[in-house]
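Here's a quick tour of some charges and strands. Have the structure open and follow along.

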Amino acid sequence: MSEWFIYRGTGQPAPERIGQLPAPPPWRDFDTPAVGYDVPDLGSSTRRRLGARTVPLPIQDPGTLELVNAALYLRRPLLVTGEPGVGKSTLAHSIAHELGLGRVLEWPVVSRSELRDGLYTYDAIGRLQDAQLPDGQGAPDIGRYIKLGPLGTALLAADRPRVLLIDELDKSDIDLPNDLLNVLEEGSFAIPELERIADRTPVVEVLTDDGRRVAVQDGQVRCRAFPFVVMTSNREREFPAPLLRRCIPLDLRAPRDERLAALVQAHFGQGAYDDNRDIVDQFARAETDGALRPTDQLLNAIFLAQYAARDAAHRREEISDLLMQPLDRGLR
């Protein structure tokens, strides 16, 4: 294990490294005063993805760790590609868990996603309706109707960087990757609705993606520590060169052998890999036909076999066959 690694993929929180990233390169140093925004604790999403036991994440090789740590040092987004089910999203949760960076902010991208969806939303209609209530006292505080999105929350001026997962970016509209460029480069964005009233109300409290309230000064959100951004892709499309230039690319392969054993034990406990070796071997043999079988299909088969086929070996195989169909067959 290289000494310069911050993230080591051990699956264990490291008190001596929690929140302690090295100084960024001068061109990635966003020296904004902190706004008193505390990083929330890890949520249930991280525990669900990593499993209840603290075992090492199934990292493929030292090259993977080198790329992850390069992104941490350089404050650059990590663009993670790979087939569905290889652990792309889980990597973001593992980094947040090991480095004590709080709950992962998640932005699941769909074909209709726009940059503003990730930055903030403004409920102008709701504000207008509330202003027209009989007992209303004029237009309510605008901050009640503005909510920062996951990207906007990640860019708040906190002492510790947040981990932001932009999931399945390849499903986005063609414009979104290019629209992200300036925000990822500058580490800041403006809220026009607050900029317009900055001379009268310079500080406005808004809601965050965490469900907290924070103060925004002069309608500007600027990061202090640039968030650790993990963007995932299933390789359904190519990304523009300007975006690729700003990212650290990482291609994940499906966990196998000892990495697969660690994954099974993380979810089912010590000895679970040996106890379910028949299903694991069946999963490995089935892959020789070249069809795509995400790892979560294996986990589903092991879980169901523990209850439905505990004492019947032939039933275990039947259940595995049912759940571990290749994706192309399941779609027909």
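## A negative patch

Let's start at Asp117, which sits in helix 4 (residues 115-119). Keep in mind that this is a predicted model. Asp117 is partly exposed, at 37% relative accessible area. On the surface, Asp117 belongs to a patch of negative charge together with Glu114, Asp173, Asp175 and Asp179.

## Salt bridges

The structure has eleven salt bridges. Lys171 takes part in one with Glu168, where the closest N and O atoms are 3.2 Å apart. Lys171 is partly exposed at 29% relative accessibility, and Glu168 is partly exposed at 26%.

Lys171 also forms a salt bridge with Glu236, with 3.4 Å between the closest N and O atoms. That pair ties together distant parts of the chain, 65 residues apart: Lys171 is in the loop between strand 5 (163-167) and helix 7 (176-186), while Glu236 is in the loop between strand 10 (228-233) and helix 9 (241-245). Glu236 itself is exposed, at 52% relative accessible area.

Then there's Asp199 with Arg200, a salt bridge whose closest N and O atoms are 4.0 Å apart. Asp199 counts as exposed at 65% relative accessibility, and Arg200 does too at 61%. Elsewhere, a salt-bridge network links Arg76, Glu185 and Arg246.

## Strands 1 and 11

Strand 1 (residues 78-81) and strand 11 run parallel, joined by four bridges. Leu79 has Pro249 of strand 11 as its bridge partner.

Strand 11 (residues 248-251) has two faces: Ile248 and Leu250 are on the covered one, and Pro249 and Asp251 are on the uncovered one.

Note on methods:
Residues numbered from 1 in each chain as written. Predicted model: local features only at pLDDT ≥ 70, side-chain atom pairs only at ≥ 80, totals over all residues. Heavy atoms only, no water. Patch = residues over 30% accessible without salt bridge, like charges linked within 9 Å, V, L, I, M, F, W, Y side chains within 5 Å. Areas by Shrake-Rupley, 256 points an atom, 1.4 Å probe, with all protein chains shown as cover. Salt bridge = Lys/Arg side-chain N within 4 Å of Asp/Glu carboxyl O. Lys, Arg positive; Asp, Glu negative; His and termini not counted. Charge placed at Lys NZ, Arg CZ, Asp CG, Glu CD. Buried < 20%, exposed > 50% of the residue type's maximum accessible area, 1.4 Å probe, protein only. Pairing = 2+ DSSP bridges.
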